[in-house]
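Subject: Structure handover and notes

Hello,

Please find the structure below, with my notes after it. The notes begin with a question and then go through the chains.

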Amino acid sequence: MSTGTTKLDVVVSDVVPVNELVTRFHFRRRDGELLPTFSGGAHVVVEMRDGERTRLNPYSLMGSPLNTSEYTISVRRDDVGRGGSLFMHRSVKPGLEMVISYPVNLFSLDLRARKHLMLAGGIGITPFMAQTSQLAGSGGNFELHYTCRTASLGTYADVLQQRYDRRVRLYHDDLDERIDLDRLLSSQPLGTHLYVCGPAGMINWVRDRAAALGWPSETVHFEHFAAPQPGAPFDVTLAVTGKTIRVGSQQSLLEAIEAAGVDPPYLCRGGVCGQCETNVVSHDGKFIHNDHWLSEEDHRSGCKIMPCVSRFEGKSLVLER
Amino acid sequence: MGITFRKETFRDDFTFRNSPEHIRRFPFPFHEDSYMYAVNIEPHVVGPKGSVLENLIDVDEHYVAEMQDRALVLAEDPLRCQSLPHMTLAGWDLLELLMEQQALGYPEHFTLTRDGDRWRWINRPLGIDDTFTFGDTSTLPYGPMEYITRQSQGDFCILDQRDGNLWMDAGMVTTQADWSLDFDIGMNFFEWHAPVPLAHEKGIFIRALKFLTNIQQGKPARRLNWTMTINPRLDTSPENYHKWGPDRTTVTPENVGDKVHLRVELQSFWRLPRSNGVVFPIRCYLIKMDELVTQPKWARRLHRVIRDLPEELATYKGLTRYRPTLVEWLSKLDDGSATSPGFGPD
Amino acid sequence: MAAKSIISRPVYGTLSPQAGKHHLFVADAEGALAIIGMAKNAPAGFFDGAEIVFIPGSDGKYVAALEALKPAQLHLAPSFPSLLPRLRQTLTNAHMGLRLYLSGTEGLIGQAMQVALEAGIDHTSMQTEHRGSLARRMQCVHCKGITENVTTQPASCSHCGLLLLVRDHYSRRLAAFQGVCINAEDRSEIPPMEEIFR
């Protein structure tokens, strides 16, 4: 039985520029009903119909889970990506009808935690917007450490400081402010859980230091949706249907499979949820794995690929789809 | 219109009966003439009118009597309802789900009015009319899970999802098929299923867990499970096994039809929105053999299923002592003719 | 080591040094041997940040060997209940980076784990190694009383007196195996009692 989410028909109710890189989008249901309740850390997949092309990108919900009259997401403009964020910034205006997925949470709070220690980098702040709202509403114990390039790029830093005062600490790269990570990690009470969302380098750094300082893996939570990377076009044969298709340079393998009329299940399209995991029947060439789902062993084996974010270079690739 | 609620008991004089309409809507769990474990999970969507699937949360003629029996069990043993401290939010999720579904399916019996977080809940069959603040435990007489599950048929397990597993961290369990919430609370999916024979080797639980951790909001799923119970007793807990266990020795060829009951669990699985937990309602349906065999197809099929059941399963389900007597009695109703595919009566 | 069993039966490993800032060991009797064995693989200076809480038993065996590891602290306790207040206090004041190592009898491992779970440590992050007796702590599912040091199958509940089948089904929260009435259906059936958990 296939999994996946139900879709929601929404209309863009507001578009708010936040700073030079980030714009916030508000969605309401077209039928005027309330949106589904969600939990802090949840994301939705936004369908972007851009002429002939459909892109599906995941974005964290950043509003309060207590407010279901609208959903809000924040999109950082990426001038060298595959164009999803540029489409959002340039073409999405109030009144536009769009389709988004039901919320899915792959970055859930562990409510057993005695304390929630949150580390955000850049646009990685968005899931924490919802999580801090949720915790503040129920008297939860949290502390947020937020790294941004400059004060003007500190998206929502002012709002967060206003709401939570000393529970929020800011670090500005241009002022050479750095988190004293080892000290921070070593001074947390037993039963603390750590959450990190930001650039891949930051996530790896935090996870490595936490492990070295004795944080069990169950207490370290992270979310990093890999964006599908552009690359050289390649051909792939789908063994079940016998079709051979071409994956364009700006297209993800999953998008190409969908364009051929085959619909693997998905939840995140960012290499995290594991739903679209696909078996490799045969290959002659090199995989470019970009996901966080498969183990290193799986990556080396050449037997599996996550078509949402990973690519291939070489002579031939046959997938069990 | 509405449901006419029966006055009946599930203990002592055991006056529980199914009306003729309820016999026909009984969720008979065998779609073919034999039984083995399978990951028999399907989407929990509304089914035909007049079936137990007409509403996603089913309320039937036994509602009031079942709630009275639950209150008796809890008075004797409050440990049947427990919630670990981090599960309160999930309890509110469950309260919302059950109030919404019961009000939706049975507007003549239940009404929910919401004004922001100010909620009013009217439960006419039980004579309840409460106004409370959603999210504020101090405005209810019990915790949110206990409050609503004292007013909802079936057992409820609330599972916390973390580290790729499901943890049974809260529940209301008074009509269980021989497992103890007090003992199993805090266990993960594999641990609380540990005593089930055969299924682990077949990889059933690994596949089931993978499916359940991916249950999405707005897309519940369900499966049927079954066992047998002597007398229409809801509370067949291990806690009271020494009290109900002797019933199994009382089955004779003369009383099989009245004493032996097929017990079917309609289990459903729902993602909870605020807590990201999963709730697992286990709705129990009982039917005595005399009632069941009024449908000739069911009589023939049940005979073949029980006769051919693997020994480990018969032992696990506690049938060993009375299986020969039951099979002998059912055999007289099985002329060997074919049964039509599917669950329903002919 | 216990024989292969059902999935809820605890599985114990072999202690191994973990990354961390502080290392807390709780052990009884032959559990000391697990610590001494692990010390051979421990990096230099490992025990500088270690505290060992040990219940030596009547013969005082292994105390000298543990002293020789030169832990930051070695605390000797006459019984598990007597070390409980200290263990609770240590965990209450502890920081992330504390690692827990439990070795010895199942009763000791289970009860120390129960306290650590309450303090917010996941059971999967604790190191355990079973040494010594296989006697079980058992909870009677009927009266809820705990019977310590159960060695027979079946066993009598020391509270309500029912004759119980000692199952392999184990609750970390209760630190006990489950005991279920073995002759509930017919009390006249009395199976022989065998000593099997030694």
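Which residues in helix 11 of chain B meet helix 13 of chain B, and which residues do they meet there? From helix 11 of chain B the residues are B:A299, B:L302, B:H303, B:I306 and B:R307, and from helix 13 of chain B they are B:R323, B:L326, B:V327, B:L330 and B:S331. By class, this contact has six nonpolar, two polar and two charged residues. Please keep in mind that the model is predicted.

Chain B

The geometry of that helix pair is as follows. The axes of helix 11 (residues 296-308) and helix 13 (residues 323-331) of chain B come within 9 Å and cross at roughly 150°. The crossing of helix 11 of chain B past helix 13 of chain B is left-handed.

Chain B also has a hairpin to look at. Strand 4 (residues 118-123) and strand 5 (residues 128-133) of chain B run antiparallel and are joined by six bridges. B:I122 has B:D129, in strand 5 of chain B, as its bridge partner. Four residues lie between the two strands of this hairpin, and B:G127 takes a positive phi near 65° there.

Most residues other than glycine have a negative phi. B:F14 sits in the segment before helix 1 (20-24) of chain B.

Chain C, residues 5-125

UniProt, in an unreviewed entry, lists residues 5-125 of chain C as "domain: Dimethylamine monooxygenase subunit DmmA-like N-terminal". In the model this span is 33% helix and 20% strand, and its end C-alpha atoms lie 22 Å apart.

Chain C has an open sheet of five strands in the order 3-2-1-4-5, with parallel pairing. Strand 3 (73-76) and strand 5 (127-130) of chain C are the edge strands, each pairing on one side only. From one strand to the next, the twist averages 10°.

Within the sheet, strand 1 (residues 22-28) and strand 2 (residues 50-55) of chain C pair in the parallel sense over six bridges. C:D28 stands opposite C:I55, which is in strand 2 of chain C.

Two helices of chain C lie against these strands. Helix 3 of chain C lies across strand 1, strand 2 and strand 3 of chain C and runs at about 160° to strand 2 of chain C. Helix 4 of chain C packs on the sheet and touches strand 1, strand 4 (98-104) and strand 5 of chain C; the direction of helix 4 makes about 155° with that of strand 4 of chain C.

How do the two helices stand to each other? The axes of helix 3 (residues 80-92) and helix 4 (residues 106-118) of chain C come within 10 Å and cross at roughly 30°. Helix 3 of chain C is therefore roughly parallel to helix 4 of chain C, since angles under 35 degrees count as roughly parallel. Helix 3 of chain C passes helix 4 of chain C in a right-handed crossing.

At their contact, C:F80, C:L84, C:L87, C:R88 and C:L91 in helix 3 of chain C meet C:L108, C:Q111, C:A112, C:V115 and C:A116 in helix 4 of chain C. These residues divide into eight nonpolar, one polar and one charged.

Chain C, residues 137-180

The record also has an entry for residues 137-180 of chain C: UniProt lists them, again unreviewed, as "domain: Dimethylamine monooxygenase subunit DmmA-like C-terminal". This span is 0% helix and 61% strand, with its end C-alpha atoms 13 Å apart.

One peptide bond to check is the one from C:Q153 to C:P154, which is cis, with omega near -10°. Most peptide bonds are trans. C:P154 is found in the loop between strand 8 (152-153) and strand 9 (155-156) of chain C.

Contacts between chains

The contact of chain B with chain C takes 19 residues from chain B and 18 residues from chain C. On the side of chain B, helix 6 (189-192) and helix 8 (241-244) are the elements that give two or more residues. By class, that side has nine nonpolar, six polar and four charged residues.

The contact of chain C with chain A takes 17 residues from chain C and 16 residues from chain A. The side of chain C that touches chain A has seven nonpolar, seven polar and three charged residues.

Regards

Key:
Residues numbered from 1 in each chain as written. Chains lettered and ligands numbered in written order. Predicted model: local features only at pLDDT ≥ 70, side-chain atom pairs only at ≥ 80, totals over all residues. Axes fitted to C-alpha atoms, helices over the stretch in contact; angles between N-to-C directions. Parallel < 35°, antiparallel > 145°, perpendicular 65-115°, else oblique. Left-handed = near helix turned anticlockwise from the far one by under 90°. Contact = placed C-beta atoms within 7 Å. Nonpolar A, V, L, I, M, F, W, Y, C, P; charged D, E, K, R; others polar. UniProt positions renumbered as here; feature names shortened; annotations may be inferred. Pairing = 2+ DSSP bridges.
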